[in-house]
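Subject: A structure for you to look through

Hi there,

I am passing a structure on to you, with some notes on how its parts meet. Please have the viewer open while you read.

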Amino acid sequence: MNVNGRPVRVDAGSSILDACRAGGVEIPTICHGPTMTPANACRVCVVEVEGSRALVPSCSRPAEEGMEINTDSDRVQMSRKVILELLGSATELDRSNASILTWLEKAGADTARFGPPEGPKTRHSPRPGHHDTVPIDNAASVHEPVKIEDDLYVRDYSRCILCYRCVDACGIEHQNTFAIAVAGRGFDARISTEFDVALPDSACVYCGNCITVCPTGALTGKVEFDMREEGSWDESAQEVTRTVCSYCGVGCNLDVHTQDGRIVKVDSPHDHDVTLGNLCIKGRFGWTYVQSGRND
Amino acid sequence: MFGAGGGTSSYQEIESTDLIVMWGSNAREAHPIFFHHVLKGLHRGAHMYAVDPRRTSSAQWADVWLGIDVGSDIALANAVAREIIDRGLENRDFIENATTGFDEYAASLDSYTVDRAEEITGVPAAAIRDLAIAYGNADTAQICWTLGITEHHNATDNVLALINLALLTGHVGRYGSGLVPVRGQNNVQGGGDMGALPNKLPGFQDVEDEESRANFEAAWGSQIPPRAGKHISQMHEAMDEGEIRALYIIGENPLQSEAESATMRRRLENLDFLVVQDIFPTATAELADVVLPAAGWGESDGTFTSSERRVQRVRRAIDPPGDAEDDIALLSRVARAMGVDWPTPSPEEAWDEMRMLSPLHRGMSYSRLQELGGIQWPCPDDQHPGELFLHGRLWERPIVGPPAPFHAVEWAAPVDTLTIEYPIRLTTGRRLDSYNTGVQSGRYESPRRIHGVLDLSPEDAASHGLQDGQTVRVTSRRGSIEAPVRTDRSLRPGLAFMAVHFPDDTDVNALTVDAWDPKSGTAEFKATAIRIEAIG
Amino acid sequence: MDIRLLLDKPTEEEKVAVDALLGPPESAWRGGDYEPLDGRVAYGGHAAREQRHLLLPALHAVQDAVGSISKGALGYVSERLMIPPAEAYGVATFYALFRTDRSGGRVVHLCDDFVCSGRGAGEIASALDEAGVRWEPSPCLGQCDRAPAALVHQPGDGYVSVAPADGSALGADPASDQPPPVIHQARTELRLLRRVGVVEPTSLEDYTGSGGYDVLRSAIEMGPDEVIGHLESSRLRGRGGAAFPIGAKWRGLRQAAGGGKFVIANGDESEPGTFKDRVLMEGDPFALVEAMTVYAYATGAEKGFVYLRGEYPLAERRILAAIAQAKRAGLLGDNVAGAGFSFDLELRRGAGAYICGEETALFASIEGHRGEPRQKPPFPTERGVFGMPTGVNNIETLLAALAVLELGGEAFSAIGTQESTGPKLFCVSGDVERPGVYEVPLGTELDELLKLSGAIEPMAVLMGGAAGSFVDEDQFGMPLSFEGARAAGTTLGSGAVVVFSSATDFSPVLRRIARFFRDESCGQCVPCRIGTVRQEEALARLDARSPLGTEADERRRLDDLATAMTDSSICGLGQTAASAIQSAIRLGLPGAPS
């Protein structure tokens, strides 16, 4: 097949995204994660396929022999830019992963072009098919107060772009606990427990497998959140050490993040075949014993 | 099993097996990431049978849950075997070519009809038959177990009963079929690999084998006692008899983790000399004459071996606090203090010495472990990729090496019998967010934590007039503790459960029995007879 | 699976409602009382998890009985069907007819879409407010031929359509079944509509007496290949909007490998201004059942669904009755008509979601999920509902397929134009004297349809509903054919033809369309979820003469949104969400942004 006029060869079963990357062409992705079936929701990865009326999502469309792909046409650039603008107009993106931040800039996205976002408000129970009157002075946003309901998680849904990764990680792809789902519809859709009950009342088992796949910082561990709020979180000063969990005998690999000689976060490599980036509550949060009460 | 002390299979195999039998394992909570692989198998279409006294969160995923009485596993396994043979579902070719002792085994099953098994286990005969048919017919099948099988006075027989099922049907030695004991601690497999067993040298080489011993003696430049040492329960006996007078404990909290804690306290207090090397001042350390502060996880380098025999590197991420040093440094210093000229080797130097002596590990250099993300033993040379599963040799024709023996085993009831005075069966286990005696897991704030409680069926709570949260006195033949009650639908009337994580609040091992398996030395933590009385 | 429920318990009434659907619980582990055997064995696993598809029927059972879905009821449904409660909640909150806010009680869904709002919906709303009747606005209820329309739900009694509605009638007891629709054309001209209003729709005997089931009989004589051959030679194209050749569609399903195929009748007619399928389902339900049976026979499917929009209570009753009678007569089930094949047909009721007319969203809904579309390929013929090969046809298409087999493929193809064969139904409403369903050969000029229906000073016509586009009088001479519409830059779409007179201010019409898409967006993909909001906001600002920047900036914003939504949305909803608005701008209709 051809990508931007240059021939690329990939194995059967590869996606267009795989093909583009194999051809050295960068494509932005948000909802796509290496350990998950494409959710196909963010649409930022769309490309032009000759013969196809609409643009196609490169993450979930299988590559086919003879395809002519254009990743940089005016249409593609326009869609990519508008999609990023739309996301930025409704959502706080400043704690997003590097790829999102880079592409916002690269696409020339003007996230302010739809007006100043509405301030945070507590959402009421969802009424699918209905919405409040349309504000004239603001752009509707997803901003809502931060949810801090326990000592481990912080859920800051003002940053949520509804990429489904947390839902899929909690659900069918990995953890199979299904504590959260998308509730409501359309712009009012939110990640929610049943009846929006607090996380400790839900089925959540605090594995944190949602946190590790969140691309925008909507879900974080409490330690990281607190450090970010007080301004002491500094990824450039952090080291990551690969090791194995100290609890049961499954042998989950851990990436231990340290800053100033202290552990600040633990996660697991997404490319490790035992964990695929997943851990349980002990592995992800149970490390505090190492540095509590042992310094004397 | 069959000469190698490890599970036969890799986690990835359970994703493509046809039948999963979770027998005495609540992996959903105790081994959550292993259970992820199980779930992948289920979503792919595998069926699952769960054998467990409680309807645990693991059992809730099963197509069929068999709620057996605690300690009746052998009766169930033997009845399944008999049913398989009666229906002609055994693998004749495998039995004839790769096993010995089938006839005696088959004869020993004579009395284990499904009806008798129903009487012993409490599980309806129809469900036992279903399990037999499913296991007998499956193309590939895995039996997974943990402490529900091994914390019994007849632990070894329990395991043999399961191995017999695999031999009967040929569900071992092929990709997707196997016997999977999931290990409870990060490096309990590695400890065994390294010879931290009374009868083994590193690499499961027999200490009573001249040739093996000679290799080690040559490398180490010292004499190795030519006989097996004592396993943990024998050590307890030796302490009781005054034969053992001093103890050096590294990273264990036996005062709280061993059965009959009152007895254990007496044993430790009666020692002439107790050294505890730990990262915390544990309850056991408080009895010690000398406490050596050790570096903990995250503060030292080395390897762990996982339940799929995978050796993986562990690394130091932060400095140990204060004067704490890692175990190698402490052991070397103790040796030097005792007048031996030991240098302090780096973990890699110690590892390299070991792998020259252990053929199972020989090809596992640190650089290869790093490059491959871990290697599954056996890995005899530095070109070898490691083995996904063991005992493929049993499918060679003729087989390579000795055939696998059947072992006829008889069911024996738990030692601590139920009587009118002690009418409730108490069993023990782990909860998702906690670990062992809570030394580590007690130091983070879990929103899911259930502190020390006695779990009862709603019926037993009601018949004693108890509400959730009300404190009861729990009494066994050995001791008595107080605990708040929590009702739990996963328990049937007559069955109670306590987690092992909160010895400071509810010391379940004040109740448990120190009856132990003569072969493995494991105590019968899983079967205690108790009575309960409301307080106040 | 290990599901964890909230502590809230269901009421007896909620339990009874769910048990009436699912039967009594099989064990304590599935919501029943604890028996000693429950402590010894439990069956679950795959069999339990396969119950998921009953979620919508179970939620309907609760909603129908008590008027909303409580925590306890959701928990009970979750336990009975082994569905994690968060997932069940996600589904319950997707569909507009389900309430999770403990409201309960009688509620009037009052259509305020562009046809009804021009026909007095506003006055009814005021009257209901005065009478203290709880009501809420609804998108088009598919009753545009007798606007204004309402759908009344009385918990315990069910749903009733009331159209034309008036404030006093809604306050009192809801009227019973509607009278049959008025057909304004001479019966002799009609084929698809010929039984509607003439043959008793509740009687199988009357149906067979009017030629019903002749087609099935001849199909069985012909065999599947010849049946499909007729469809191919007829050049019939789908009537749901996509205009796919039906012979190829049936052939594709017939050739799909393996068993377990499904056929689905898409009765989720929700495109504003569209009501022809309702008229067919209410007026000729046995024809739908027969057509589905032929569809199954020709393609080798053994199971079929009629997916019906939740706002069509009369059609539901009629189809359920028809299925029951057909079963009793041996025309459904095992060994259909003694011909040695099996076909089981089941009705599934939607719950207020336009998106579920999109076939992959429809699959998700039948499976018990949120109605979120899926990426194609794979196409339904390969992987459809429950992952099995599936064929989906619109209701009118199925009845047209019957007509093909009545007439023969060649004869059918002689009707209409070369590219667009056969008769076609159009739903004419808005500023016309005789709103209703009209059956004309494809290729008939729009002008003629406007004359037939008595259009009142037409200035513009919205073709194909909210997802379609406006045409003005320059194009009134266009032939109503697929190619004619394409040449005129519009679409036949769903067959909606909404007439707007020269007195129309299009600003509220466009804002209603924008609101519709925002409300009906499933929320899955970004361009549609946020783009539809931004589109509505821009129109609101222009309406309030308070543009962000200049009016030209707003136009550019609307154009960019239109481009991104059209190019990058997952499904037809987002891809068409700007279509009508952009066409109004292009035509310079009064009140459209300029």
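One term comes first: a salt bridge here is a side-chain nitrogen of Lys or Arg within 4 Å of a carboxyl oxygen of Asp or Glu. In general, side chains of opposite charge can pair when their charged atoms come close. Please keep in mind that this is a predicted model.

**Inside chain C**

Let's start with chain C. Its divisions are domain 1 (12-92), domain 2 (107-167), domain 3 (192-413), domain 4 (423-501) and domain 5 (506-587). I looked at how domain 1 of chain C meets domain 3 of chain C. Their centres, taken over C-alpha atoms, are 30 Å apart. In the contact, domain 1 of chain C takes part with 10 residues and domain 3 of chain C with 11 residues.

How much area do these two domains of chain C bury between them? The value is about 880 Å², and carbon and sulfur atoms account for 51% of it. On the side of domain 1 of chain C, the residues that lose the most area to domain 3 of chain C are H53(C), L56(C) and H60(C), which together make up 57% of what that side buries.

Now the term from the start comes into use. Between domain 1 of chain C and domain 3 of chain C, the rule finds 1 salt bridge. You can look at R349(C) and D64(C), whose side chains meet in a salt bridge at 2.6 Å, N to O. There are also 7 residue pairs in polar contact between domain 1 of chain C and domain 3 of chain C (both at pLDDT 80 or more).

**Chain B with chain C**

Next, find where chain B touches chain C. Here 30 residues of chain B are in contact with 18 residues of chain C. The two chains bury about 1,900 Å² between them, with 51% from carbon and sulfur atoms. In chain B, the most area is lost to chain C by R55(B), W61(B) and W65(B), together 29% of what that side buries.

The rule finds 2 salt bridges across the interface of chain B and chain C. A salt bridge joins the side chains of R28(B) and D2(C), at 2.8 Å, N to O. The interface of chain B and chain C also has 15 residue pairs in polar contact (both at pLDDT 80 or more). In chain B, β3 (64-66) and α8 (125-137) are the elements that give two or more residues to the side that touches chain C. The largest share, 3 residues, comes from β3(B). By class, that side of chain B has 13 nonpolar, 8 polar and 9 charged residues.

There is a strand pairing to find here too. β3(B) pairs with strand β1 (residues 41-43) of chain C in the antiparallel sense, over 3 bridges. Within this pairing, V64(B) stands opposite Y43(C) in β1(C).

**Chain A with chain C**

Now turn to chain A. Its contact with chain C takes 61 residues from chain A and 64 residues from chain C. Chain A and chain C bury about 5,400 Å² between them, 57% of it on carbon and sulfur atoms. The rule finds 4 salt bridges across the interface of chain A and chain C. D567(C) and R75(A) have side chains that meet in a salt bridge, at 2.6 Å, N to O. For polar contacts between chain A and chain C, the count is 27 residue pairs (both at pLDDT 80 or more).

On the side of chain A that touches chain C, α2 (74-90) and β7 (181-183) of chain A are the elements that give two or more residues. α2(A) gives the most, with 9 residues. That side of chain A divides into 35 nonpolar, 16 polar and 10 charged residues.

**All chains**

Over all chains, the rule counts 99 salt bridges.

Happy exploring!

Definitions and conventions
Residues numbered from 1 in each chain as written. Chains lettered and ligands numbered in written order. Predicted model: local features only at pLDDT ≥ 70, side-chain atom pairs only at ≥ 80, totals over all residues. Heavy atoms only, no water. Contact = heavy atoms within 4.5 Å. Buried area = accessible area lost by both parts, 1.4 Å probe. Polar contact = N/O pair within 3.5 Å; in protein donor to acceptor, adjacent residues only side chain to side chain. Helix = DSSP H or I, 4+ residues; strand = E, 2+ residues; numbered from the N terminus. Nonpolar A, V, L, I, M, F, W, Y, C, P; charged D, E, K, R; others polar. Pairing = 2+ DSSP bridges. Domains from an automatic or database assignment.
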